[in-house]
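Subject: Structure handover

Hi,

Here is the structure I said I'd pass on.

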Amino acid sequence: MSLLINIDASLSCWLLYTAVSWAWGIRLTLIKMNERKTINLEQGRDFMQKGITKLKNILEGLPEPQFSSEEYMMLYTTIYNMCTQKPPHDYSQQLYDKYRESFQEYITSTVLPSLREKHDEFMLRELVKRWSNHKVMVRWLSRFFYYLDRYFITHRSLPPLNEVGLACFRDLVYTEVNGKVRDAVISLIDQEREGEQIDRALLKNVLDIFVEIGMGQMECYENDFELSMLKDTAAYYSRKASNWILEVSCPDYMLKKVQNELLSVYATQLLEKEHSGCYALLRDDKVVDLSRMYRLFSKIPQGLEPISSMFKQHVTAEGTTLVKQADDAASNKKAEKRDVAGLQEQALKEAFEIFCNKGVAGSSSAELLATFCDNILKKGGSEKLSDEAIEDTLEKVVKLLAYISDKDLFAEFYRKKLARRLLFDESANDEHERSILTKLKQQCGGQFTSKMEGMVTDLALAKENQSHFEEYLSNNSNVSPGIDLTVTVLTTGFWPSYKSFDLNLPAEMVKCVEVFREFYQTKTKHRKLTWIYSLGTCNINGKFEPKTVELIVTTYQASTLLLFNLSDRLSYQEIMSQLNLSDDDVIRLLHSLSCARYKILIKEPNTKTISPTDTFEFNSKFTDKMRRIKIPLPPVDEKKKVIEDVDKDRRYAIDASIVRIMKSRKVLGYQQLVMECVEQLGRMFRPDVKAIKKRIEDLITRDYLERDKDNPNVFRYLA
Amino acid sequence: MDLFRSASGKAATKELERIDQLFYSYSNESSGMIDPEGIEHLCSDLEVAHTDVRILMLAWKMQAEKQGYFTLEEWRKGLKALRADTIIKLKKALPELENEVCRPSNYVEFYSYAFRYCLTEEKQKSIDIESICELLELVLGSQFPQQVDLFIQYLKTQIDYKVINMDQWMGFYRFCNEISFPDFNNYDEELAWPLILDNFVDWVKSKQI
């Protein structure tokens, strides 16, 4: 888009020039009014047309010199003259029409045909380019025809030039293509859901068009795009039969896609509401935090209303109490300004915390925050943002974490997603990964980040280990497995727990495992290796009839496909028993290979879902224009497991905390015990009082504690 | 004085002898203890159902350790305290035993004894829900019939707890004594009541709606 830049740079010069020449224009007119020759309509139109054509050529990238200052002046002055001539030669109306017609003509003759002949992603790119060009054209023509804006349009209360120009695009282009565009966008999104990488910057630009076309109203975006997007999302995920994802993907998607300007519009509206409803407790820095929070979450449908009303209620209630307190204090002459201010801040902090920790659309804020980080840090996420912008965002995220009570939940989700990024090479920038860990460490302590740091270090060590392995192989060529093998050895304690299934590996891979095992024995005898096949990838060659295509698949998928080396046709049951996997896994696998974008296997019957009575056959006729394709396997729903793991860890943490407290105090009242427990654990999570009670009961049964004989609300430590 | 002492001494010995004899009339020859079968005979002689709470009270008086069995020592201890050396005397002593147990100072002890008596396995700390329901009915059913009924209902419908421990057991007794029924107005779940009682109160309140 270097063309754009040239024009824009010159545009700013012309602006200055226009202002100056406009001043001159007046004087010239005053002096030369009588001497001016009348321009008739034909002449004028022809002259303007030359200028318009020149502009179009520049936009089309044809070899055309830039506008000289004289040319610009002449065009501008022609318009001026034609508008100020005495009737019947004042041609304002005709010029206004000409302005509109120029766009219409250009769009119908050039823009629309170029869009019609392209499809899918290419069409989207063309649209983005054409819209950019159109905006430039509007800017330039408006400058030429500027004089109309000053008097004619205001006198007749007509739409200004800018609006007319943009409306042309909307009426001619947008109305025609928006359906196709929407479908192309949704298909891109679906591709990403299937695990492929897509051009997110393109998507953002396209969505910007939807928003800008609305010209300040969100109708176009909401009606034309959002509705279908939501419908498609619903359809897509209900096919996957996971209801909870439906609620998450909207905010998840919104987080990725929404613009800053857009958000701040909403944020301002809401904040203003809040200002009117709130007791005046809001301090400046808190407002910044609040607006940050709103910015993150405001695009979630219906997510914000309950939150804001509850927030309002709480703050109002707190405020009222404080006012009364302040009143009382004042009347007792004990009021200290500092105390009241402290109380105010406390109340606001509490209100903000409550707000932060309300779950949104089925996901906790801890999870949403972790997902947000993942989006920034992974490839295709925010590569268009500058390093400073990313650093800034990460800084804000870490600050926000202070208000989230389930920090341990955030840590676990973050860890899971970090693992995926590291193992599947989806991390955009190592520096940023390390940077956010440093920030988290500063905020939450070394223990919080120790595992994550371990993970990042593990990968570096694994690379070293791999090069030793390769050395070993070259020194012992007789044990070579015949396949290129890369092994990443991870330290169990650092990484999230992965279930390792007893996948029946194909013979070729079994040999690989053996060879590596032997090599590892030479390095160290004290460690146990557990193979996690669910995280591996394979490159295999599919020798299809049209041509050989290299397939990048997971180990599970590869094992499935290699079964077809021995049989042409296999049933679901046969596949399951040969692989030794669960139904859930087998269904996911077979779906990715026979019902998704690339049909490597032919399924009978040809339905869209896998059933245990299906049979599969190698699709020898498969082909693709690429020589190498990646067949994604959508990951399993981790959310439930993460929550389970975190709950378990919390039970242990509460136990340990209670025992620690009781050991040092020996005798303690129940309420006091609960309070100290909550405080001790507060750094990581907010323990549920009922959970604490349950753990106390358990500890009584295990003879760590007993109830005092005289006072049932007091506990004693049993040594 | 000698005569007097020897007379009471002789009487005491005679009493002990009769107590022992009574024991042997029910006990199992090989084990040397009164076993469940023996207890059944005892019950029919006393004209009391063997599931009657008074047998439990008798066991308490004996401080019997193992459910369903009485040792000679335990038997001696219990019957001596009751001053019963024949079946008829024992039968006559039962109403007074009941009174004794129901005295507030004794009742808590009896109540906790009842729980321990049901811990049949070594190292067992809790009792399954079904047995607890029976025990509750037996021990508290006459004193707090409504609370017991409601609590048993709750225990049978809830799924969080499969067993009850001593703390929860004792908590329920305290609950019946302290908390107003059926409104539970003075129940405060912020206090150290066992969680199961918090849940019980919630459950009752939700039913009332």
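A word on terms first: helices (H or I, at least four residues) and strands (E, at least two) are DSSP runs, numbered from the N terminus, and the expected span of a helix is 1.5 Å times one less than its number of residues. This is a predicted model, where local features need pLDDT of at least 70 and side-chain atom pairs count only at pLDDT 80 or more, while totals for chains, interfaces and linings use all residues. Residues are numbered from 1 along each chain as its sequence is written, chains are lettered from A and ligands numbered from 1 in the order in which they are written, and side-chain values use heavy atoms, with hydrogens and water left out.

On to helix H19 of chain A (residues 446–475): its 30 residues reach 42 Å from first C-alpha to last, close to the 44 Å expected. H19(A) does bend by about 25° at A:Met452 (the angle between axes fitted to the seven residues ending there and the seven starting there).

Next, the interface. Chain B brings 17 residues to the contact and chain A brings 13 (heavy atoms within 4.5 Å). About 1,400 Å² is buried between the two chains, with carbon and sulfur atoms giving 44% of that; buried area here is the accessible area (1.4 Å probe) that two parts lose on being put together, summed over both. On the chain B side, B:Asp167, B:Ala192 and B:Leu195 supply 41% of the area that chain B buries against chain A, more than any other three residues.

The rule finds 5 salt bridges across this interface (a side-chain nitrogen of Lys or Arg within 4 Å of a carboxyl oxygen of Asp or Glu). One of the salt bridges pairs B:Asp198 with A:Lys693, the closest N and O atoms being 2.4 Å apart. Helices H9 (166–178) and H10 (195–208) of chain B are the elements giving two or more residues to the side that touches chain A, and H10(B) gives the most, with 5 residues.

Over all chains, the search finds 51 salt bridges. Among them is A:Asp408 with A:Arg650, at 2.6 Å from N to O. A:Asp408 sits in H17 (residues 407–423) and A:Arg650 in H24 (residues 639–665), both of chain A, so the pair ties together parts 242 residues apart in sequence.

Some backbone details to check too. A cis peptide bond joins A:Pro87 and A:Pro88, with omega about 5°, and another joins B:Phe181 and B:Pro182, with omega about 0°. B:Pro182 is in the loop between H9 and H10 of chain B. A:Asp425, though not a glycine, has a positive phi of about 55°.

Cheers
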